[in-house]
Amino acid sequence: RNQADRAEMAIFVLAICAVGLVSRGPSVSTRSQVSISRRGLLAATAVPLFAFPLASLAAPYLPPGSETDDFKSLDKSATDFKRRQIQYKATWAELTDKLLAAKSDDESIEVIGAMQKAFLEGGGSLPEGVSRDTFLRSVRRKQKAMEAIGMNEKPVRMSVLALKSTIDVSRKMKGMNDVGQGPVF
């Protein structure tokens with residue numbers, strides 16, 4: 001039905017263009033040939049060409065309430081994804097706050113492990129709206145503060161490095177090797 005409507009609309013636009021050309025009247029040259037000026041052609045086609053997109057926006061392709069099963073399933077999966085992202089972002093923010101408020105190396109290692117687990121369960125990517133650089137900057141700031149008071153021993157640094165490498169590996173394109181060359185086919 002949509003293709004028939006589009007075909008009817010195209011014929012309608014062509015008919016209006018033809019009527020516009022005829023009503024403006026082609027100019028007759030001295031050699032008895034019919035010539036059409038650019039202005040005449042533009043004036044004849046301008047209104048229908050601008051009206052065509054507006055008419056297609058005014059008439060929806062599907063009347064309300066007649067969504068297809070594919071549309072409903074895609075809408076449901078998009079809604080589920082958004083809910084999971086909101087949940088994941090809240091969990092990530094809570095874990096980040098715990099990491100930044102950790103008072104000992106053991107707490108830091110425990111929270112970093114939980115973050116790594118949440119990262120992998122979250123699809124191997126950071127939550128929407130969380131920047132890798134901003135996150136790592138705040139972790140580095142916390143590490144420097146802990147080092148200043150004599151904490152942040154090697155196990156903590158190694159677990160932060162493991163989390164960072166997990167994040168970095170997930171950001172690489174599939175098939176990319178470590179030296180930064182193009183994909184391997």
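**Entry 1: a lysine to start with**

Is Lys142 buried or exposed? Before looking, I noted that this is a predicted model, in which local features need pLDDT of at least 70 and side-chain atom pairs count only at pLDDT 80 or more, while totals for chains, interfaces and linings use all residues. I also noted that residues are numbered from 1 along each chain as its sequence is written, and that side-chain values use heavy atoms, with hydrogens and water left out.

I found that Lys142 counts as buried, because its relative accessibility is 19% and buried means under 20% relative accessible area, with exposed over 50% and partly exposed in between (1.4 Å probe, protein chains only). Lys142 is found in helix H5, where helices (H or I, at least four residues) and strands (E, at least two) are DSSP runs, numbered from the N terminus. I then looked up what Lys142 touches, taking contact as heavy atoms within 4.5 Å: not counting residues up to four places away in sequence, Lys142 touches Leu99, Leu100, Ala101 and Ala102. Lys142 and Leu100 are 42 residues apart along the chain, yet their C-alpha atoms are separated by 6.0 Å.

**Entry 2: the whole chain**

I stepped back to the protein chain, which has six helices and two strands, and whose elements run α-β-β-α-α-α-α-α from the N terminus on. Of its 185 residues, 22% count as buried. Among contacts between residues at least 6 apart in sequence, I noted that 64% join residues at least 24 apart.

Which residues does Trp92 contact, leaving aside its neighbours within four places in sequence? I wrote down Met115, Phe119, Leu126, Pro127, Val130 and Phe135 as the contacts of Trp92.

**Entry 3: H3 against H4**

I compared directions using axes, which are lines fitted to C-alpha atoms, for helices over the stretch in contact, with angles running from 0 to 180 degrees between N-to-C directions. The axes of H3 and H4 come within 9 Å and cross at roughly 165 degrees. That makes H3 roughly antiparallel to H4, because angles over 145 degrees count as roughly antiparallel, under 35 as roughly parallel, 65 to 115 as roughly perpendicular and the rest as oblique. I recorded the crossing of H3 and H4 as left-handed, a word used if the near helix is turned anticlockwise from the far one by less than a right angle, with right-handed used if clockwise.

Tyr88, Trp92, Leu95, Thr96, Lys98 and Leu99 in H3 meet Ser108, Val111, Ile112, Ala114, Met115, Ala118 and Phe119 in H4. By class, I noted ten nonpolar, two polar and one charged residues in this contact of H3 with H4, where Ala, Val, Leu, Ile, Met, Phe, Trp, Tyr, Cys and Pro count as nonpolar, Asp, Glu, Lys and Arg as charged, and the others, Gly among them, as polar.

**Entry 4: H3 against H5**

The axes of H3 and H5 come within 10 Å and cross at roughly 20 degrees, which makes H3 roughly parallel to H5. I recorded that H3 passes H5 in a left-handed crossing. Trp92, Thr96, Leu99 and Leu100 in H3 meet Phe135, Ser138, Val139 and Lys142 in H5, and the residues of this contact divide into five nonpolar, two polar and one charged.

**Entry 5: the loop between H4 and H5**

Where does Pro127 lie? I found Pro127 in the loop between H4 and H5, and Pro127 counts as buried, at 1% relative accessibility. Leaving aside its neighbours within four places in sequence, Pro127 is in contact with Gln85, Tyr88, Lys89 and Trp92. Pro127 and Tyr88 are 39 residues apart in sequence and 6.3 Å apart in space, C-alpha to C-alpha.

Ser125 has its place in the loop between H4 and H5 too, but Ser125 is partly exposed, with a relative accessible area of 33%. Not counting residues up to four places away in sequence, Ser125 touches Tyr88 and Phe119.
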